[in-house]
Amino acid sequence: MNIRVGQGFDVHAFESGDHVTLCGVKIPHNRGLKAHSDGDVALHALCDALLGAATLGDIGQHFPPTEQEWRDADSRALLRKVVKLLRAAQWGVVNVDVTLVCERPRIGPHRVAMLANLATDLGVSKDRISIKATTTEGLGYCGREEGIAAMAIALIERQ
């Protein structure tokens, strides 16, 4: 098979802080995300989607939260490592689609910077990347503003 699809999901709870990092963009917010790394749920979900598509495991296998090496890690660096793993296995990214689930912060004002980050890190043009956001209309942990979730899907092709 010359193409494969993978999906990823991640969630992090809020804690005290003054910003969240989403798709590598530091966004001012009245709380931060609790995590071993920088808590970038979008990039964590995307890493899992890419790794899953290539049947290379998951983010926890490659960057275990039990290892100090990954404490406060920049998730963009993790994504770039995942892309290197894909390339070593002779896979390339066709397109990706990321959905952020949160009431706040608002994603729209940051979308252009997010797209630029992903295009750079994935080595693809921006027209192969979709970043969307939705709320849960006040329902569930995201609706109660207890955290942020992200879903991602990726299509890869054999190089």
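The structure is a predicted model, and a search through the whole of it finds 6 salt bridges.

| Pair | N to O distance |
|---|---|
| Asp 121 and Arg 76 | 2.6 Å |
| Arg 80 and Asp 121 | 3.1 Å |
| Glu 146 and Arg 144 | 2.6 Å |

**Asp 121 and its partners**

The side chain of Asp 121 meets that of Arg 76 in a salt bridge, with 2.6 Å from N to O. Asp 121 belongs to helix α4, which covers residues 111-122, while Arg 76 belongs to helix α3, which covers residues 75-88, so this pair ties together parts of the chain that are 45 residues apart in sequence. Both Asp 121 and Arg 76 are buried.

Asp 121 also meets the side chain of Arg 80 in a salt bridge, here with 3.1 Å from N to O. This pair again links distant parts of the chain, since Arg 80 is in helix α3 and Asp 121 is in helix α4, 41 residues apart.

**Salt bridges elsewhere**

Glu 146 forms a salt bridge with Arg 144, and the closest N and O atoms of this pair are 2.6 Å apart. Glu 146 counts as partly exposed, at 37% relative accessibility, while Arg 144 has a relative accessible area of 53% and is therefore exposed, the cut-off for exposed being over 50%.

**The largest pocket**

Rolling a probe the size of a water molecule over the atoms shows where empty space is left. The largest pocket in this model has a volume of about 220 Å³. Which residues lie nearest its centre? Of the 14 residues that line the largest pocket, those nearest its centre are Ser 37, His 44, Ile 59, Phe 63 and Pro 65.

Several elements contribute to this lining, and β1 (3-15), α1 (41-53) and α2 (59-62) each supply at least two residues. The largest share, 3 residues, comes from β1. Sorted by class, the lining of the largest pocket consists of 7 nonpolar, 5 polar and 2 charged residues.

Conventions. Residues are numbered from 1 along each chain as its sequence is written. This is a predicted model: local features need pLDDT of at least 70, side-chain atom pairs count only at pLDDT 80 or more; totals for chains, interfaces and linings use all residues. Side-chain values use heavy atoms; hydrogens and water are left out. A salt bridge is a side-chain nitrogen of Lys or Arg within 4 Å of a carboxyl oxygen of Asp or Glu. Helices (H or I, at least four residues) and strands (E, at least two) are DSSP runs, numbered from the N terminus. Buried means under 20% relative accessible area, exposed over 50%, partly exposed in between (1.4 Å probe, protein chains only). On a 1 Å grid over the protein atoms alone, a cavity is a set of points where a 1.4 Å probe fits but cannot get out, and a pocket is an open set with protein on both sides within 12 Å along at least five of seven lines; lining residues have an atom within 4 Å of a point. Grid points are joined across faces, edges and corners, and a volume is the space filled by probe spheres set on the points. Ala, Val, Leu, Ile, Met, Phe, Trp, Tyr, Cys and Pro count as nonpolar, Asp, Glu, Lys and Arg as charged, and the others, Gly among them, as polar.
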